[in-house]
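Student: I have a new structure open and would like to get to know it. Could you walk me through it with a few questions and answers?

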Amino acid sequence: MSIAATYIVDNTPTTYKSFIKSTTTKTESTNDFKDAIQESTVDVFKRRHPDHARHVEQQVRAGRAVRKKNGATNVATKEMTMEEYKAYFTALLDTIPYDSTRVNDVTTISISEKGWEQMKKDPDYEAWVLGYFVEDRSVRNPFFGWGNNDGIICFEHFGASIEEHHGEGFNKAAFKNDKPDKDDEEEEDWWIKRHKRMKKLLKEQVERTMKKDAAQKYALREEYARQQYLSSQRQHSFLTSGIPDSNTAPMTEGTATSIAVAAYTGTLDLFCNNITH
């Protein structure tokens with residue numbers, strides 16, 4: 001798999017400062033950066049989405065901190081070849097650690113060629129991508145240590161703007177014994193297609209369950225109304241003749257419970273019969 005399009009990183013922090021140091025021999029001023037682009041795609045996003053501007057600015061600051069920490073504040077990325085830039089950015093990205101509860105996570109990052117070009121010429125967009133991972137990797141896994149917690153597989157996709165970013169996450173355990181024997185690129189497509197298929201299946205299951213539950217509730221209401229009517233008839237018969245009507249036995253607590261249990265069991269059967277599809 002070519003690093004130009006997609007690469008996989010695990011959550012083991014690695015020091016790449018020596019590599020980054022070799023890329024900082026050529027530097028340029030902040031004004032040179034500003035002259036290289038008319039307007040950052042980050043500024044465009046903040047103008048279009050003012051409700052997210054503050055959060056995005058926090059991510060940009062976090063990304064700048066990553067560059068500063070690694071002595072790469074004024075690296076002349078515009079003078080690099082694209083392959084050099086990809087190696088430089090990957091080295092920066094790999095200095096961002098994961099939270100200790102994410103030791104089992106694996107992340108696949110896909111960046112379009114236009115995305116690489118935008119980051120190379122737009123330092124704020126590059127900082128936003130770095131800051132996104134600073135934030136993402138700091139999130140704790142609340143289920144860590146619960147047993148059978150194999151972590152998650154994350155797919156992160158980036159284009160030439162913040163709006164083009166999207167990500168998906170899958171629990172490893174859910175797919176542990178159902179992984180296709182394909183190369184990495186085909187495997188990613190398989191995961192995405194399976195995720196969409198499972199979402200569709202789950203939606204259908206929920207809809208069927210809701211319909212069945214509604215039918216059960218309707219049946220219970222009808223039975224309750226019938227029992228109320230029979231009870232009224234028995235009371236009328238007793239008051240008028242003093243003899244209870246033996247043909248109209250009331251619904252006992254056990255009968256009501258049986259109906260409720262049947263509804264619950266039916267719902268469980270619905271999920272059990274379809275969960276392996």
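Student: Is Y88 buried or exposed?

Tutor: Keep in mind that this is a predicted model. A residue counts as buried when its relative accessible area is under 20%. The value for Y88 is 0%, so Y88 is buried.

Student: Which helix holds both Y85 and Y88?

Tutor: The two tyrosines are three residues apart, about one turn of the helix. Y85 is buried as well, with a relative accessible area of 0%. The helix that holds both, covering residues 82–93, is α5.

Student: Are the rings of Y85 and Y88 stacked, edge-to-face or tilted?

Tutor: The structure holds 11 aromatic pairs. In the pair of Y85 and Y88, the ring centres are 5.9 Å apart and the planes stand at 45°. Planes under 30 degrees apart would be stacked and over 60 edge-to-face.

Student: What kind of pair do the rings of Y85 and W116 make?

Tutor: Their centres are 6.2 Å apart, and their planes meet at 85°. Angles over 60 degrees belong to one class. That is why the pair of Y85 and W116 is edge-to-face.

Student: How many residues apart in sequence are the parts that Y85 and W116 tie together?

Tutor: Y85 belongs to helix α5, while W116 sits in helix α6, which spans residues 113–121. W116 is buried too, at 0% relative accessibility.

Student: How are α5 and α6 oriented to each other?

Tutor: Their axes come within 11 Å and cross at roughly 80°. Angles from 65 to 115 degrees share one label. So α5 and α6 are roughly perpendicular.

Student: How many charged residues are in the contact of α5 with α6?

Tutor: From α5 come M82, Y85, K86, F89 and T90, and from α6 come E113, W116, E117, M119 and K120. By class, five of the contact residues are nonpolar and one is polar. The number of charged residues is four.

Student: In which hand does α6 pass α7?

Tutor: Helix α7 covers residues 123–137, and its axis is 5 Å from that of α6 at an angle of about 115°. That makes the two helices roughly perpendicular. The crossing of α6 past α7 is left-handed.

Student: Which residues of α7 make the contact with α6?

Tutor: The α6 side supplies G115, Q118, M119 and K121. By class, the contact has four nonpolar, two polar and two charged residues. On the α7 side, the residues are P123, Y125, E126 and V129.

Student: Is K121 buried, exposed or partly exposed?

Tutor: K121 is found in helix α6, and its C-alpha atom is 9.2 Å from that of S40, 81 residues apart along the chain. Buried needs under 20% and exposed needs over 50%. With a relative accessibility of 43%, K121 is therefore partly exposed.

Student: What does E126 touch, leaving out residues up to four places away in sequence?

Tutor: E126 lies in helix α7 and is buried, at 3% relative accessibility. Its C-alpha atom is 8.5 Å from that of F89, 37 residues apart along the chain. The residues that E126 touches are R67, T77, Y85, Y88, F89 and M119.

Student: Are α3 and α4 roughly parallel or roughly antiparallel?

Tutor: Helix α3 (residues 41–48) and helix α4 (residues 53–69) have axes 9 Å apart. In their contact, V42, F45 and K46 of α3 meet A53, V56, E57 and V60 of α4. The packing angle is about 160°, and over 145 degrees is the range that decides the label. So α3 and α4 are roughly antiparallel.

Student: To finish, how many helices and strands does the protein chain have?

Tutor: From the N terminus on, the elements run β-α-α-α-α-α-β-α-α-β-β-α-α. Of the 277 residues, 38% count as buried. The chain has nine helices and four strands.

Notes
Residues numbered from 1 in each chain as written. Predicted model: local features only at pLDDT ≥ 70, side-chain atom pairs only at ≥ 80, totals over all residues. Heavy atoms only, no water. Phe/Tyr/Trp six-rings, centres within 6.5 Å; stacked < 30°, edge-to-face > 60°. Buried < 20%, exposed > 50% of the residue type's maximum accessible area, 1.4 Å probe, protein only. Axes fitted to C-alpha atoms, helices over the stretch in contact; angles between N-to-C directions. Parallel < 35°, antiparallel > 145°, perpendicular 65-115°, else oblique. Left-handed = near helix turned anticlockwise from the far one by under 90°. Contact = heavy atoms within 4.5 Å. Nonpolar A, V, L, I, M, F, W, Y, C, P; charged D, E, K, R; others polar.
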